[in-house]
Amino acid sequence: MKRIRKSSELLWLFGMIFVALGVALCSKADLGVSMIAAPTFVIQEAVSRLWSGFSVGMTEYLLQGLVLLILCLIIRRFRLRYLLAFAVAVVYGYILNLFLWILGPVSFDAAWLRWVMLLVGDISTAFGVACFFRTYLPLQVYELFVAELSDRYRWSINKVKWAFDLSLLVISVTLALTLFGDAASFDWSTIWYASFHSIGLGTIVTTAINSPLITAMGKLIDRVFDPSPLFPKLKSILKPEESM
């Protein structure tokens, strides 16, 4: 099969679009978003009660900015590409807002349809993440945090990733149980068809299938695309700093 050449930048664009679309679909399914997205949705829901204009996208890039600041404090260094990662987070936030606006009137009432939409959202997100992994352009702050922390202290990147994801899940659950004052209203019997402040059974399912889906999507992408850069000079500008 003939592959699409010089598609690195295209894959980066696909990453932005499909990750945002996947997160928006999972949110509309109302079974629980991924542990990576959960803090954003929980915080946005709480703040929007006081400020209606506080969007999910705005919450996303502000939260990623905070994560970036924490990263710099932990590893005690700063690089220009960190700012590029934050710029990516801002662009992603606006794209996420766009998809949430488009899907705003859509409602998935039947439980089986919610699970179908969650799976579609997970596949879309996995495809986007796999695209990101095949480009030289800056990633979002979450991926940067894991990569830089493991590089700085020579830790296993897989262990850092698991610790990071688990930390976000714990933070999300804690916020959901404390920010709204309705923890006593949580009903275990509804967990299979509804979320509790964007956290639910769908969060666990997404966590379990995320890695295998990314691997499968990656194999598909490698059959269709050749991730060589369309702008090699831009790659030469960005790449040396990444290898420092």
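So, the largest nonpolar core: it has 45 residues. By nonpolar core I mean buried Ala, Val, Leu, Ile, Met, Phe, Trp, Tyr and Cys residues joined through side-chain atoms within 4.5 Å, with buried meaning under 20% relative accessible area and exposed over 50%, using a 1.4 Å probe and protein chains only. Met-16, Val-23, Tyr-92, Leu-96 and Ile-221 have the most contacts inside this core. Helices H1 (8-29), H2, H4 (80-102), H5 (111-132) and H8 (201-224) each supply at least two of its residues, and H1 gives the most, with ten. Helices here are DSSP runs of H or I, at least four residues, numbered from the N terminus.

Quick caveat: this is a predicted model, where local features need pLDDT of at least 70 and side-chain atom pairs count only at pLDDT 80 or more, while totals for chains, interfaces and linings use all residues. Residues are numbered from 1 along each chain as its sequence is written, and side-chain values use heavy atoms, without hydrogens and water.

Take Leu-96: leaving aside residues up to four places away in sequence, Leu-96 touches Ala-20, Val-23, Ala-24 and Val-56, contact being heavy atoms within 4.5 Å. Apart from that core lies another, of 17 residues, among them Leu-63, Cys-72, Val-141 and Val-146.

Now, H7. Which residues of H7 are buried? They're Val-160, Phe-164, Asp-165, Leu-168, Ser-172 and Ala-176.
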